[in-house]
Amino acid sequence: MAELIRVSPVADELGRRFAKAGHELHLVGGSVRDALLGRLGNDLDFATDAHPDQTLAVLKGWAEATWETGRDFGTIGAQRDGLRLEITTFRADVYDGVSRNPTVQYGSSLAEDLRRRDFTVNAMAVSLPDHVFTDAHGGLDDLAEEVLRTPGTPEQSFGDDPLRMLRAARFAAQLRFAVDPGVRAAMVAMAADLDRITAERIRDEFVKLMCGADPVYGLRLLVDTGLADRFLPEISGLKLEIDEHAQHKDVYEHTLIVVANAVRLEGSEGPDFVLRFAALMHDVGKPATKAVTSDGRVSFHHHEVVGARMTKQRMKAMRFPKDVIADVVELVALHLRFYGYGRGEWTDSAVRRYVTDAGPLLSRLHKLTRSDVTTRNRRKAAQLAADYDALEERIARIAAEEDLARVRPDLDGNAIMELLGVPPGPVVGRAWRHLKELRLDHGPLDRDEAEAELLRWARAEGIVAPE
């Protein structure tokens, strides 16, 4: 009630406007669920018998802004007093069991609209402005029991829209709710139907799952039901591989622990999909690189390289944006770079390269590397943590001295062209890269040293005449 009272000035006023125009308005779905859970945000979902043009007429002069991006699905968006409102005409969609998207048809009643929703906890409504509560499918009881059931049979629900199977895993991760045994059984039996769904819709649901409060719970459900095999088979494949240190049942269990560790290390910034997905994919190269030595030890040499390539292919297939793909792939490729530091092998040059290669991903790489320590050997875990503490301290010291965040050659392009007497072109780029390598290896050079090194390189390359 406290949550509803908070939004009721806007919601009730909107309800009165719809009633005056001769239409119904109901707060529905996730908004009712979240209000009952005490976690209602500023995004509110409504259902109405009004069609989009009629909704726009009601909103005219009242909403601070409106948008029609969801009009094809009967949805009109609006903003008022800091709240984002989505008002959708009652739906009675028709599915043919083959195509990927439903044929949008408007319904005639609230009961019909609620019956077609995915889960009972999302099939409740509060009418406005009179606050009549509608719960024809036992959603309130299921909410109290923290269980996900479908309003009708799960077979009918998932047959209508197979994406609802993935939504079950997503809500399990977000709400930490159990999945009804009948729903789980239908997910197993109908997993192949997910192939009807577009990569983009699957991607969006999966991102929400990974950003939930307990992504590991949702991931286990995807693997156990066979859904993961339809769009992310690399994760199920990890179950076949034994960890080289024999500290865990298999690489799959290790991976889920790494994901959980990454979630704990996020801090107050909130869910970080790039970090979480890198944690999930960091070892997917192990099956392809597995080798057994003569003494029975298992190794996965260069699995980070293979894993980065596999991650890129999978993310492209799931239609992720290029910048997200690049960040996740780079983290997978770099996740083993730290190992060896504790043996005293790293020079200042190696530290500079570590920071430079990570670039803006350095803080995420720190978290991923720490998350990857899952050994049950407390002494070994403590040593690895101490080694990484030392590396971070060393990075901070060198950064303070050299501004590692922006490692650049000691001469810029203009200085290179002036000193070598060359025009803009490939030679300048080659010289710039050579000076950057020197900078990484030796730290900052003064002007005279940098010019001398550049001339030495240019003579060796035949760009300028020998002395």
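**Entry 1: a helix pair**

Helices here are DSSP runs of H or I with at least four residues, strands are runs of E with at least two, and both are numbered from the N terminus. Two packed helices are described by the angle between their axes and the distance between the axes.

The crossing of α13 past α19 is right-handed. Right-handed means that the near helix is turned clockwise from the far one by less than a right angle, left-handed that it is turned anticlockwise. On the α13 side I listed Val258, Asn261, Ala262 and Leu265 in the contact, and on the α19 side Lys367, Leu368, Arg370 and Ser371. Contact means heavy atoms within 4.5 Å.

**Entry 2: conditions**

I note that this is a predicted model, in which local features need pLDDT of at least 70 and side-chain atom pairs count only at pLDDT 80 or more, while totals for chains, interfaces and linings use all residues. Residues are numbered from 1 along each chain as its sequence is written, and side-chain values use heavy atoms, with hydrogens and water left out.

**Entry 3: overall counts**

I recorded 23 helices and 11 strands in the protein. Of its 467 residues, 49% are buried. Buried is under 20% relative accessible area, exposed is over 50%, and partly exposed is in between, with a 1.4 Å probe and protein chains only. Taking contacts between residues at least 6 apart in sequence, 65% join residues at least 24 apart.

**Entry 4: nonpolar cores**

Which residues have the most contacts inside the largest nonpolar core? I found Phe46, Phe206 and Leu222, in a core of 105 residues. Helix α7 (residues 163-175) gives the most to this core, with 9 residues. A nonpolar core is a set of buried Ala, Val, Leu, Ile, Met, Phe, Trp, Tyr and Cys residues joined through side-chain atoms within 4.5 Å.

I then listed what Phe46 touches, leaving out residues up to four places away in sequence; the list includes Leu14, Leu27, Val28, Ile87 and Leu128.

Leu222 also turned up in helix α10, where the buried residues are Pro215, Val216, Gly218, Leu219, Leu221, Leu222, Val223 and Thr225. Because 8 of the 11 residues of α10 (residues 215-225) are buried, that helix is largely enclosed by the rest of the structure. Just after α10, Gly226 takes a positive phi of about 85 degrees.

**Entry 5: salt bridges**

My search of the whole structure gave 26 salt bridges, each a side-chain nitrogen of Lys or Arg within 4 Å of a carboxyl oxygen of Asp or Glu.

Arg71 pairs with Asp53, with the closest N and O atoms 2.2 Å apart. This pair links distant parts of the chain, 18 residues apart: Arg71 is in the loop between β3 (65-67) and β4 (75-80), and Asp53 is in helix α3 (residues 52-59). Arg71 also meets Glu68 in a salt bridge, at 2.8 Å from N to O. Arg71 is partly exposed at 27% relative accessible area, Glu68 is partly exposed at 41%, and Asp53 is exposed at 51%.

Are Arg276 and Glu266 buried or exposed? Both are buried, and their side chains form a salt bridge at 2.7 Å, N to O. Arg276 lies in helix α14 (residues 273-281) and Glu266 in the loop between α13 (251-265) and α14, so the pair ties together parts 10 residues apart in sequence. I also noted one network, in which salt bridges with shared partners join Asp118, Arg167, Arg170 and Glu205.

**Entry 6: backbone exceptions**

Most residues other than glycine have a negative phi, and most peptide bonds are trans. I found a cis peptide bond between Leu128 and Pro129, with omega about 10 degrees. Pro129 is in the loop between β6 (125-127) and β7 (133-134).

Glu146 has a positive phi, near 55 degrees, and sits in the loop between α5 (139-145) and β8 (147-148). Arg319 has a positive phi of about 65 degrees, in the loop between α16 (303-317) and α17 (322-334). Glu146 is partly exposed at 42% relative accessible area, and Arg319 is partly exposed at 46%.
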